[in-house]
Amino acid sequence: MSSAEIIRRAVRKQLSKHYAVAPAPSPPRRSRVEPSADVDATLLALSEQNGVSDEQLAKLTGWSVDEVGERRAHAWAKAAERAALTGSPVAPVSEAGGRTDGAARLVAGAYLLALLSAVLYYKSAFLQMITVSPFLSMYGLVVVLYISSRFFFSAFYRTSKNHGIEPHVAIVMPGFNEEAAIADSLRSLLELNYPANSLEIVAVNDGSTDGTLSEMKKVAAGAKGRVHVINFPQNRGKRAAMAAGIRATEADIIAFVDSDSVLDRDAMRILVQGFHDPKVGAICGHAEVLNVRQNWITKMQAVRYFVAFSVNKAAESVFSTVTCCSGCFSAYRRAAIMPKLDWWENQKFLGRESTFGDDRSLTNCVLRNWKVKYEARAISHTIVPSTFKQFMRQQLRWKRSWTRESLIVSSFIWRKNPIPAVCAYVGILLPIVAPVIAVHAIVMMPAQGGGAPILYIMGVYAMSLCYGLYYAARKPRYNHLWVYGILFCFFYLAFLLWQTYWAIATTRTPSWGTRPSTVGLNSAEPVQLAS
Amino acid sequence: MKSFTRVVWAKLRRPASFMLLPLSLVPLAVVLPIVISVHANYVRYYDSPPLPAPAVALTASQHREFTTLPAFTGAIPVLVYHGINNDRDGYSISQRAFAAQMEMLRLAGFTAVSIAQYDRFQHGDLSGLPSRPILITFDDGRLDSFRGADEVLARDGLRATMFVITGQIAKKNPFYLDWTELHRMQRSGRWDIQPHAYRGHVQIAVDARGDLKPFYAARRYSRTTGQETFADYQRRVALDLFTLADQFRQQAIDVHALAVPYGDYGQQDAGNDPRIMPFTLGLMRSQFGTVFVQDDHNDPPYTTPTGGGPEKRWEAHTSTTAAQLYAWLRARDPAAPSAKSGAGTAAFTGGSGE
C-alpha cells in the first residue's frame, strides 16, 4: 500500500469517526451507535454508560487498546471543555486518566521541574566559563535560558474566555489535485458546530488536472449555498488561490484549514472567541498529529507538534506575538489582512516570487500592527509526513520560509514588547549558530584532544527529556509516546540541524519540492525548535 | 507461542511504559560523576590565579607592639602553614590573618630566606644571612595556599617554601598544585618547591584494633597478612621515599629538605618498633637533607645548624593571630635580653599537626 493510500485511509477513518461521511462498511455491532454523533460522545456512551470495556471498544473500532484509552481520555477533556464553553453541565463520570495516569503525570511533571532546575544549576555552576570561552558558553547559556523561558512563559498562558461570540466566518480551502480527499474535508467543515448562517466555505480549485473541481461542486450543490467554489483554469499557486478565496467573501473572519487537517467539532467556535478583543488580528489553533500511530517518524512529530504548540506558541501568545499561525488551522481578522493582501499574494524575496511559507508570511503581515494569539482548545488533527524523505523535504521547505520570514520579523519585532522581541531574535539566532556549535563539540573538540562530546550529547539529551516529559505530564492519559520526544531531538541533531545553511542558501528557490502530491505535506510549520 | 508472547507483552506494556520514566534517568546518572569531576577541574582550572592581597589594617597599638626585634645570628625561626581558606578546620587560616602575620614579620624586621640558603645555614655556612632571617614553609602543596599567599608574600617582599605531595599531583587531584604551576611558582623567585611525600601522606592501620598511624611512622597491620615485618616496612617506606626523590630529579628541582608528613618519622611513642626511628630518619636525611617536623607544644626554639635536623617548626593554626606569632618570635629571639623560654606559649598551646 502506498503511503498516500495509507494517509487517505487514515483521513477517511478519522473523518468517519468524527462525522457521518463514511461510506466504508462498518462492523454490524457499531450500528447501535448514533451514526452522526461525534466520536467523543460515542466513546463516552459506550464505555461509561453501557459498560463496554476498552478491549471490546478496541475490537469495535479497530483501534489498539491504548488508543481507545487515549481517546476516551480525550473525550472527557473535550466534554469538559464543551461544558465550560456552552455552560451546559457534563456528567463527570470519571477522570480523564486513571489514578495511575495521574500519578505518572505527576511524576513526569515533578521530574521535568527538577530537570530544568538541575540544568539551570549546572549552568550557573559553570557561569565563569563565559570569561574563558565566551562564544561557546554564552551559546549554552542562551539555549538553556531560551528553552526555560519557553516553559516559564507558557505557564502563564491562558485560553481565551468564552464570550459567546459567533462572528461571520469564511473558511478558505484551496485544493490542487486532491480529488480523493477534498469532498470529505469540505463536508467535515460543514459539520462543524457553528451556526450555519455564520459559516461559509470558499473552495478554490487551483487548476487541478483531476476531478477536484467536480468534487467541490458536488459538495457545494448539497450545501444550501454555504460552499462557494472558485475555479482557476490554470494552476496559479496556493497563495493566489487563497487570496482569491479571501476576496470572494465578505466574512469578518477568514479561517484556513489544511486539506490534510480535520477539526474537532467545536474547534471553530472556540477559536473565534479570541477575536472578542478588537486588537487581535489572528489566532492560531492547536494541531495534533492525526496519523500518530503510523510509524516512528509520525510519533516523533506528535511530540514535537505538542511541544511546539503547547510550549512555544503558548509562550509567544502570552505576549500576543505568535510568529507563525500554522496553516493547519488558524483564523485571521479580515481587516487585518486586507491592507497587505496584494503584497502578500505577490511577495517577492530577492527578486523571486515566494511560494511556500504562506502561513508564516501572512502571520507576519498581521503581526506588525495586531495582536496574534494561540488557542489551545481549538484543536485540529493533521496528517504529517511518514517517510524520511517526505519529512526531510518538508523540514527544508519550512526552514527556507523560516529564513525569509525571520528577516521580515526582525525588521519590526523590536517595536513590540521587548521580551518577545529579544526571544524572537534569540530564536532566530540559535538555529543559525547551532550547527557551528555541534561541529565544534562533536568534531573539533575531540580532534583537539578535548575528549568525547559527552557533555554536549547530555545537553541535547536533557533538552529532549524536557520536551518528552512535558508531553508525558500534559497528556491526560500517560503513554510511552513521550520517549519519541527524545528520539526527535537526536533526529534533529543528526539530520535536520544541518539543513539550516542549505535552506538559507536556497531560500529563493520557488520549488515546493513536493508538489504536485501535496498529500500529507502541506501541513504547515508549527514552530522552529531551538537546539 | 507467538500468541503467548503477545499476551505477556499486552500485560507488560503499560507497566513497561511507566518504567520509561525512571529509565530515562540512567544516562543522567551515568554522566553525573563525569559532570562533577569536570566541574572540579573547571573550578580548579579557572580558579587558580593568586588572589589579590587583602588590605591589612594594623591598629596603632599593634604598630607600637610589633617593634623591630633585636638582630640575631646563628639561628633561624621556621614557620609552617597548611592552607589558606575560610574553612576554620584547625590548620587552615584565613587570608586576612595570614596577611596580618606577614605584615607583622615585615614590621618586626624579618627577611625570608630561600631553602637553599637555609640548607647552607644548616651545614654551618652563615655567610649572606640577613640580620633577622626566617624560613616560611607550607606543607602539602595545596592550591589554596598558593592562591592566598602569593600576592601577600609579594607585597611584603617575602618568600616561602612549598612541600608537595607528589602522589596527589600524579592523581591530578584538583585540590593540589600541579607540576606546571609549581615550576611557574619556582620561576617567580618567591617560592621554593620541596618534597613532602609521594604516597606516604596517609594514615595506615597499625594494629588489630584499627589504630591509625602515619604511613612512615609504623609497621602496617592488615587483617589478611597481619603485622608487616620490619623488612617489609623498610621496603615500603624506602620505595616511597626513593620514588619521591626520583620524581624531584625528573623535575630537575634541587632538593634540600623534607617535611615529614604528620611530623612523625617514628619518634612518637617509638612508632610500633624501636628500629623505625633511626632507620627512617637516616634515610630521610640522606636522601633529602634537612628534615622538618613540628613541636609537641608548638613552642620550638629557633633552629640552629645541626646538619640536617630534625628541625622543629612553629605551626600556624586557624585561630593563630599575628600577636601570638610575634610573642613567640620575641620570646625565642636569641638576641633579646628578656628572652624567656615558653613566654610565647601563654596564649596558646597546640599539638603538632598534620
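Where is the place of B:Lys172 in chain B? The place is the loop between helix H7 (166-170) and helix H8 (179-187) of chain B; helices (H or I, at least four residues) and strands (E, at least two) are DSSP runs, numbered from the N terminus. The legends below start there.

A word on conventions: this is a predicted model, so local features need pLDDT of at least 70 and side-chain atom pairs count only at pLDDT 80 or more, while totals for chains, interfaces and linings use all residues. Residues are numbered from 1 along each chain as its sequence is written, chains are lettered from A and ligands numbered from 1 in the order in which they are written, and side-chain values use heavy atoms, with hydrogens and water left out.

**View 1**
B:Lys172 isn't a glycine, yet its phi is positive, about 55°. B:Lys172 counts as exposed, at 67% relative accessibility; the cut-offs are under 20% relative accessible area for buried, over 50% for exposed, and partly exposed in between (1.4 Å probe, protein chains only). Over in chain A, A:Asn177 also has a positive phi, about 50°, without being a glycine. Look for A:Asn177 in the loop between strand E1 (169-175) and helix H8 (179-190) of chain A. A:Asn177 counts as partly exposed, with 22% relative accessibility.

**View 1. Where chain B meets chain A.**
Chain A puts 26 residues into the contact and chain B puts in 18, with contact meaning heavy atoms within 4.5 Å. About 2000 Å² is buried between the two chains, and carbon and sulfur atoms give 71% of that. Buried area here is the accessible area (1.4 Å probe) that two parts lose on being put together, summed over both. On the chain B side, B:Arg14, B:Leu21 and B:Tyr42 supply 30% of the area that chain B buries against chain A, more than any other three residues.

Helix H1 (2-23) and helix H2 (25-46) of chain B each supply at least two residues of the side that touches chain A. H2(B) gives the largest share of that side, ten residues.

**View 2. Salt bridges within the chains.**
Over all chains, the structure holds 27 salt bridges. A:Asp342 pairs with A:Arg247, their closest N and O atoms 2.5 Å apart. This pair links distant parts of the chain, 95 residues apart: A:Asp342 sits in helix H14 (residues 341-345) and A:Arg247 in helix H10 (residues 238-247) of chain A. In chain B, the side chains of B:Glu228 and B:Arg236 meet in a salt bridge at 2.6 Å, N to O, and both residues are buried. B:Arg275 and B:Asp273 form another salt bridge, at 2.8 Å from N to O. Here B:Arg275 is partly exposed, at 45% relative accessibility, whereas B:Asp273 is buried, with a relative accessible area of 4%. Shared partners also join A:Asp101, A:Arg477 and B:Arg14 into one salt-bridge network.

**View 3. Inside the nonpolar cores.**
The largest nonpolar core has 135 residues, and those touching the most other members include A:Phe151, A:Met268 and A:Trp482. A nonpolar core is a set of buried Ala, Val, Leu, Ile, Met, Phe, Trp, Tyr and Cys residues joined through side-chain atoms within 4.5 Å. Helix H18 (residues 454-474) of chain A brings the largest share of this core, 13 residues. Setting aside neighbours within four places in sequence, the contacts of A:Met268 include A:Val169, A:Ile171, A:Tyr194 and A:Phe329. Another core, of 73 residues, lies apart from the largest one, and B:Met102, B:Phe248, B:Val260 and B:Leu329 are among its members.

Methods
A salt bridge is a side-chain nitrogen of Lys or Arg within 4 Å of a carboxyl oxygen of Asp or Glu.
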